[in-house]
Amino acid sequence: MTARPGRVVTLTLNPALDLTVRADGWQRGQVNAGQDLHQTAGGKGVNVASILADWSRADWSRAAQGDTLGVTATGLLGRDNAAPFEALLLDKGVTDAFVRVNGATRVGIKLVDSAAQETTDLNLPGLSATPATLAELDAVLTRLGADADVVVLAGSLPPGVPADHYATLTAGLRRAGVFVALDTSGPALNAALAAPVLPDLIKPNIHELETALGRPLTGDAEILAAARTLLDRGARTVAVSQGERGALIVTAAGAVFARPPRVTVVSTVGAGDAMVAGLISAHLDGLDPAAAARRATAFSAGTITLLGPHLPAPADLNALSAQVEVTTA
Ligand SMILES: Nc1ncnc2c1ncn2[C@@H]1O[C@H](COP(=O)(O)OP(=O)(O)O)[C@@H](O)[C@H]1O
Ligand SMILES: O=P(O)(O)OC[C@H]1O[C@](O)(COP(=O)(O)O)[C@@H](O)[C@@H]1O
């Protein structure tokens, strides 16, 4: 029997046009020479949608049965510079359900030092959301959510959106039986973690989790204990990513640590978004924690070898996946 194709909706209230400047050996406070500049459509939900679409199209055995994922991206998009986002979504076969707003979507500056294999991010606040656009978006999300298996709430909240917005959306979507994934930071993460209903999947990086909990997490045991507290409160998967060190992935079925292979990094932008995409595809495929961690880590390691939110070719992804080290935590 053919499995029902998964339907995934990503919400990006604050997308970003990522400007990646390569400036090898750049120094803070100095005059630096840059080597090149690239512009890519980004923002967390845009990246998750793009990577999931790559995965769906690369999985030929499923594609042949018409069992590809249906991926829809929604959120708020500035009319003045919508073209690169529209082009990316069209190219990937992602349904564009963004609500257009006046003005230009924010730019995100990504400063890459490829000699040091280091990326520095400057994320700006973004376009203010008005109550009218938020109401319009709410209606879109309610319509899309009614038909979705997974909704991904991703990225920072722009000015004008209350900090508990994701918490409110999570409660409504989970009540409707939708699997909710959350990847955010700052006040939006604080509010989501303080709410009575937690998302099904939460992927903070270690710094975001420490900030949300208001204390440092020193050592694996403390990180594991913090993740388990979130499971006890209703989350189903907590993935605490820790940059090149790897990620701790905790579910009721077990906890694993996944260590990525060493790769040639082009830009680490989108590493976390790729992990979210990998974990969602693993959820839809019913993978166990070890297999999910392996896939998600391969997605992350693969994405950072490329510029923009893309997966490498299937053979390269498989090779990376085989090199991920998964251990019981
Ligand atoms: N330099 C790197 N080399 C290999 N894998 C990496 C590197 N940086 C990140 N990753 C992979 O990407 C995942 C997410 O990265 P992380 O930086 O923690 O997320 P975020 O982008 O959300 O801050 C990590 O758990 C790891 O698997
Ligand atoms: O919404 P935020 O938290 O300001 O982050 C936006 C930035 O995050 C990204 O989605 C990348 O995220 P990750 O590197 O954490 O995967 C960029 O495309 C974008 O510029």
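Helix 10 (residues 289-303) packs against helix 11 (residues 314-323) at an angle of about 120°, the axes lying 8 Å apart (axes are lines fitted to C-alpha atoms over the stretch in contact, and angles run from 0 to 180 degrees between N-to-C directions). Helix 10 is therefore oblique to helix 11, since angles under 35 degrees count as roughly parallel, over 145 as roughly antiparallel, 65 to 115 as roughly perpendicular and the rest as oblique. Arg294, Arg295, Ala298, Ala301 and Gly302 of helix 10 meet Asp316, Leu317, Leu320 and Ser321 of helix 11, contact requiring C-beta atoms, placed from the backbone, within 7 Å. The model is predicted; local features need pLDDT of at least 70 and side-chain atom pairs pLDDT 80 or more, while totals for chains, interfaces and linings use all residues. Residues are numbered from 1 along each chain as written, with chains lettered from A and ligands numbered from 1 in written order.

Ten strands form an open sheet of mixed pairing, in the order 5-4-1-8-9-10-11-12-13-14. Strand 5 (95-101) and strand 14 (325-328) each have a single partner strand, so one side of each is left without a neighbour in the sheet. Helices (H or I, at least four residues) and strands (E, at least two) are DSSP runs numbered from the N terminus, and pairing requires at least two DSSP bridges. Strand 9 (residues 179-183) pairs with strand 10 (residues 201-202) in the parallel sense over two bridges; alanine 181 has leucine 201 of strand 10 as its bridge partner.

Terms used. Two residues are in contact if their C-beta atoms, placed from the backbone, lie within 7 Å.
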